[in-house]
Protein chains: 2
Amino acid sequence: MRILLAQSAGFCFGVKRATRMAFEAAEQHCTICSLGPIIHSPQLVSKLAEKGVEVVKNVDDLHGGAVIIRSHGVTAGEMEALQKRQIEVVDATCPFVKKAQQHAAMLSREGYAVVLVGEAEHPEVQGIVSYAAKGDVFVVADRSQAEKLPMRPRVGIVAQTTQSFDNFQQIVDVCLGKSHELRVFNTICDATSVRQNEAKSLASQSDLMIVVGGFNSANTNRLAQICQEIQPRTRHVETVDQIDPEWFAGVQVVGITAGASTPRWLIEEVVSVVSAIGK
Amino acid sequence: MRILLAQSAGFCFGVKRATRMAFEAAEQHCTICSLGPIIHSPQLVSKLAEKGVEVVKNVDDLHGGAVIIRSHGVTAGEMEALQKRQIEVVDATCPFVKKAQQHAAMLSREGYAVVLVGEAEHPEVQGIVSYAAKGDVFVVADRSQAEKLPMRPRVGIVAQTTQSFDNFQQIVDVCLGKSHELRVFNTICDATSVRQNEAKSLASQSDLMIVVGGFNSANTNRLAQICQEIQPRTRHVETVDQIDPEWFAGVQVVGITAGASTPRWLIEEVVSVVSAIGK
């Protein structure tokens, strides 16, 4: 059995940076919390907990010390509350997410109705939305939602950084017919499209596709969905013990990839278990 | 035989305005020229010639008097030359074309590479292009030409006012993948899309479709092309004497529409000849 491991599997630039900043902050501070899990990997969050990094849900749950802002960023309101309470901030917001927040703020300030392509419940999306508070702001997940948008003379579009380009393009397409001026910032992170394109290529060459990453990770779920469309035998696992040897019956080629928040060691464990099954 | 005449057939707002201004100017000035034919209707240009309006090709061909700028507009260079020579200008540029010129100028000034969706040879396009002289400017007629465009960080898009929305949308689609920021002004005139949509609807209900208008009129040619795709029995005529009774063999329903530069009297003549054939 042959294993094709995606070169782009695992931590992206923003997650690598946030993780490094979190471990460094844990060394430097006695009392340290992260506002929400630092990344969508329960396994990495456990490792940070061992170093004393506690996860809190709200700014109100903090009692002094320092706070790490995760790669997804926080809302403008949360940032303001932290500043008011003079809590020390270690800002690990991904620089690409920050850019999307800034574009949304500028568009809103300049009078555009803001359309954010993304999942309404995702913390990154909630953060970006909060910066576009001057006027209309719409979160749109797909083409059919975009078709329900009202007409607006000037529409500004930004995207959740992990969105697929195809979906983004379809929504821009629809919005073009709903406005006189359309101003679009493609804030989709290259890492996401590189990973998605490589996943598509692997899925088309494999008999079985394994996607490794947190079940709470939006980008890993999307990666699994993209693979599933090409190779129906796609399995999404969070840890190695979820792998079932029965999946491999008659399989010649296994493709393996992983989301942007999947630690290297989890990927390596999966590769090693799959190798053992294949022998 | 039933005749379906498009409500939107004939002069659009800009052409109506330019024609009225031209006839008024002919009354008021002894020496009056138009820079290029005032609209793409040889029949109307003849009527104006009877009133003393001479058509000249270049600013250099003018010898004093007043000049009418046609609905398509002129280039920034021509406007400057007219001002330098202190020639009196009757500016009949369509206000929608003027808007496209202004958007192109603003985009160019603000550092966007400008993409103009249109036909490179069309005087309206040459006019708009001339206002985007600060940096890159590309005229793109269709999707395949757009695919050859280079990558640019910031791209601004405007359209020749008579373009079809579908074509515009496809080009925007391609440009989205070639830039980080895309700023699009939909400068397509409503009159064009209303006329095109009504033509599509008529073509699908008719056994024969007649499109009336100048063979040198881009919007009439496009209208004929749109009808042809739906009803292969589509005929483009400029005047009533081009109608061949043989076209009507076995025809139950005839659709008639006309371009934005087709005078009312030409349409009425066509309707009356078709009625006579159908009796």
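Let's start with what is hidden: of the 279 residues in chain A, 55% are buried. Keep in mind that this is a predicted model.

Now for the overall build. Chain A has 10 helices and 12 strands. Its radius of gyration is 20 Å, close to the 19 Å that the globule rule gives for 279 residues, so chain A is as compact as a globular protein of that length. If you follow the C-alpha trace along its principal axes, chain A spans about 60 × 55 × 20 Å. Look at who touches whom, counting contacts in chain A with a separation of 6 or more: 72% of them are between residues 24 or more positions apart. As for charge, chain A carries 27 positive and 30 negative side chains, with the centres of the two sets lying 4 Å apart.

How are two copies of a chain related? By a rotation about an axis and a shift along it. Here a rotation of 180°, with 0.1 Å of shift along the axis, puts chain B onto chain A with an RMSD of 0.0 Å. The two copies are therefore related as by a two-fold rotation axis. To find that axis from chain B, go to R183(B): its C-alpha is the nearest one in the chain, 2.1 Å from the axis. Both copies use the same surface, as 100% of the contact residues of chain B recur in chain A.

Next, zoom in on a helix in each chain. In chain A, take α5, which covers residues 123–130 and has P123(A), E124(A), V125(A), G127(A) and I128(A) as its buried residues. What covers them? The cover includes α4 (95–109), β6 (113–117), β7 (137–140) and β8 (154–159) of chain A.

An α-helix has 3.6 residues a turn, so residues three or four places apart point the same way. After α2(B) comes G52(B), with a positive phi near 100°.

Loops are worth a visit too. I188(B) sits in the loop between β9 (181–185) and α8 (190–205) of chain B. Is I188(B) buried or exposed? With a relative accessible area of 11%, I188(B) is buried. Leaving aside residues up to four places away in sequence, I188(B) touches A159(B), Q160(B), T161(B), Q163(B), S164(B), F165(B) and F168(B). K51(B) is 137 residues from I188(B) along the chain, and their C-alpha atoms are separated by 33 Å.

For a last stop, consider backbone angles. Most residues other than glycine have a negative phi. Q86(A) is a residue other than glycine with a positive phi, near 50°. You'll find Q86(A) in the loop between α3 (76–84) and β5 (88–91) of chain A, and its relative accessible area of 73% makes it exposed. Over in chain B, Q86(B) has a positive phi near 55°. Q86(B) lies in the loop between α3 (76–84) and β5 (88–91) of chain B, and it counts as exposed at 73% relative accessibility.

Definitions and conventions
Residues numbered from 1 in each chain as written. Chains lettered and ligands numbered in written order. Predicted model: local features only at pLDDT ≥ 70, side-chain atom pairs only at ≥ 80, totals over all residues. Heavy atoms only, no water. Helix = DSSP H or I, 4+ residues; strand = E, 2+ residues; numbered from the N terminus. Rg over C-alpha atoms; globule rule 2.2 N^0.38 Å. Buried < 20%, exposed > 50% of the residue type's maximum accessible area, 1.4 Å probe, protein only. Contact = heavy atoms within 4.5 Å. Lys, Arg positive; Asp, Glu negative; His and termini not counted. Charge placed at Lys NZ, Arg CZ, Asp CG, Glu CD. Least-squares fit on C-alpha atoms with pLDDT ≥ 70 in both.
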